[in-house]
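Student: I would like to learn how to read a few features of a protein model, one after another. Could you take me through them, beginning with the general idea each time?

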Amino acid sequence: MKVLLLKDAKEDDCGQDPYIRELGLYGLEATLIPVLSFEFLSLPSFSEKLSHPEDYGGLIFTSPRAVEAAELCLEQNNKTEGEVWERSLKEKWNAKSVYVVGNATASLVSKIGLDTEGETCGNAEKLAEYICSRESSALPLLFPCGNLKREILPKALKDKGIAMESITVYQTVAHPGIQGNLNSYYSQQGVPASITFFSPSGLTYSLKHIQELSGDNIDQIKFAAIGPTTARALAAQGLPVSCTAESPTPQALATGIRKALQPHGCC
């Protein structure tokens, strides 16, 4: 049975995208099509902030892209700056809290040498609760984010009197190959049994093409969402949500899709 995931491929240590592998364990043939591209912004300003951990109570990363922005700051600076990070800055940040959403983001943060907490929260709402239950620093938390960030986390922290400083370090745009890649998929594979969306913006950029290509067969597709925010975006477009992953992981999504594709299944 063929399923379509609207995300870019990320190889793990085994050299395969973990979503393809997990779905394959259930006999599902998954294809990945990227629908988003990212452009990095304000890296010099972000780099300056990263070099002054004494000004902040900690860090918040809610997306892999924000971590990639931090990596770029470290790479683009000269060798001396990288040595300063390894020698002292990394240690100073690790003396503070580094909050993250999801295991994928946590894995990237660990690669730049930072210890994480909160990764099991799964989404911004739960992370906000976690931070509010633990944070006591009077210094603001540094929050590198994208231009489409939602206000749930900032609002929740503000309501609890927890200071936070946001900096937009990337912007989300439509992937230039969406239409061509979807056309190719449908012409070669036909209408998929399931389509998974990984973000509201991914839905926005791809839905029109999917509706046109699926035609009357769109009612046969089981639509899945990686989390509650994306599920709400699907519902707002009038699409039935057959599956919302219990957590943003390959295992949870594969389990959910398998249940949804069973007769009368829903997760």
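Predicted model: local features only at pLDDT ≥ 70, side-chain atom pairs only at ≥ 80, totals over all residues.

Student: How many disulfides does a search of the whole structure find?

Tutor: A disulfide is a pair of cysteine sulfur atoms within 2.5 Å, and the search of the whole structure finds zero. For Cys 121, the closest cysteine sulfur belongs to Cys 132 and is 11 Å away, so it is too far for a bond.

Student: In what order do the strands of the open sheet come?

Tutor: Strands of a sheet pair through backbone hydrogen bonds, either parallel or antiparallel. Here an open sheet of five strands, with parallel pairing, has the order S2-S1-S8-S9-S10; strands are DSSP runs of E with at least two residues, helices are runs of H or I with at least four, and both are numbered from the N terminus. The edge strands, S2 (29-32) and S10 (241-244), each pair on one side only. Two strands pair if DSSP finds at least two bridges between them, and S1 (residues 2-6) is joined to S2 by four bridges, with Val 3 standing opposite Ala 30 in S2.

Student: Which residues are linked in a network of salt bridges?

Tutor: Side chains of opposite charge can pair when their charged atoms come close. A salt bridge is counted for a side-chain nitrogen of Lys or Arg within 4 Å of a carboxyl oxygen of Asp or Glu, and Asp 8, Lys 10, Arg 65 and Glu 68 are linked in such a network. Within it, the closest N and O atoms of Asp 8 and Lys 10 are 3.9 Å apart, whereas the N to O distance for Glu 68 and Arg 65 is 3.7 Å. Glu 68 and Arg 65 are separated by about one helical turn, because they lie three residues apart in helix H3 (residues 64-76).

Note on methods: Residues numbered from 1 in each chain as written. Heavy atoms only, no water.
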